[in-house]
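Here is a colleague's note for a reader who is new to structures of this kind. Please keep the sequence and the model open beside the text, and look up each residue as it is named.

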Amino acid sequence: MKNWYQNLIANYPFLKFLGSRYTLVLIFFIVWMLFLDNQSYMDQRILNKQIDELEDNKKYYQEEIAKDEKSIKDLKNPGQTERYAREKYFMKKDSEDIYIIDIEEDRVKDSLEANQ
């Protein structure tokens, strides 16, 4: 049995290095840290991806908050409030008549945008 091992090492000298107990412990340690540990490399990669996604969401929501704050600031002006009510909700003064022209192309375009 030992003779077979000696022949194998003679033919393949790198096996002598790989057969060392220090090398085996190092390989075991590396495999353990990369794949088996609670804080393994694979788990860290997944967590880093989640952090990146959350940071992107944070940036998006901060931009949306800035837009909303600007809209609120604009609506505090009475003239802007009236304009918004006229455009969005088709409100009018008592002495006015409003004619709403509905163009079919716009309706189709709006329905396509809503579906997307």
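Predicted model: local features only at pLDDT ≥ 70, side-chain atom pairs only at ≥ 80, totals over all residues.

1. The aromatic rings deserve a careful look, and by the rule applied here the count comes to three aromatic pairs. One of them joins F28 and W32, whose ring centres are 6.1 Å apart and whose planes stand at 35°, so that the pair is described as tilted. That label follows because an angle counts as stacked under 30 degrees and as edge-to-face over 60, with the rest called tilted.

2. Where do F28 and W32 lie? Both belong to helix α3, which covers residues 21–36, and they are placed four residues apart, about one turn of the helix. F28 has a relative accessible area of 55% and is exposed, whereas W32, with 38%, is partly exposed.

3. Turning to charged side chains, how many salt bridges does the rule give? The count comes to three, and the next points take them in turn.

4. E64 and K67 form a salt bridge through their side chains, with a distance of 3.6 Å from N to O. The two residues are three apart in helix α4, which covers residues 41–75, so about one helical turn separates them. E64 is partly exposed, at 24% relative accessibility, while K67 is exposed, at 51%.

5. A salt bridge also links D74 with K70, and here the closest N and O atoms are 3.4 Å apart. These residues, too, belong to helix α4, where D74 and K70 are four residues apart and therefore separated by about one helical turn. The relative accessible area of D74 is 32%, which makes it partly exposed, and that of K70 is 54%, which makes it exposed.

6. In helix α5, which covers residues 78–89, E82 and R86 are four residues apart, and so about one helical turn lies between them. Their side chains form a salt bridge in which the closest N and O atoms are 3.2 Å apart. E82 counts as partly exposed, at 37% relative accessibility, and R86 is likewise partly exposed, with a relative accessible area of 26%.

7. Which residues gather in a patch of negative charge on the surface? They are D52, E53, E55 and D56. Within this group, E55 lies in helix α4, and with a relative accessible area of 48% it is partly exposed.

Key: Residues numbered from 1 in each chain as written. Heavy atoms only, no water. Salt bridge = Lys/Arg side-chain N within 4 Å of Asp/Glu carboxyl O. Buried < 20%, exposed > 50% of the residue type's maximum accessible area, 1.4 Å probe, protein only. Patch = residues over 30% accessible without salt bridge, like charges linked within 9 Å, V, L, I, M, F, W, Y side chains within 5 Å. Areas by Shrake-Rupley, 256 points an atom, 1.4 Å probe, with all protein chains shown as cover. Lys, Arg positive; Asp, Glu negative; His and termini not counted. Charge placed at Lys NZ, Arg CZ, Asp CG, Glu CD. Phe/Tyr/Trp six-rings, centres within 6.5 Å; stacked < 30°, edge-to-face > 60°.
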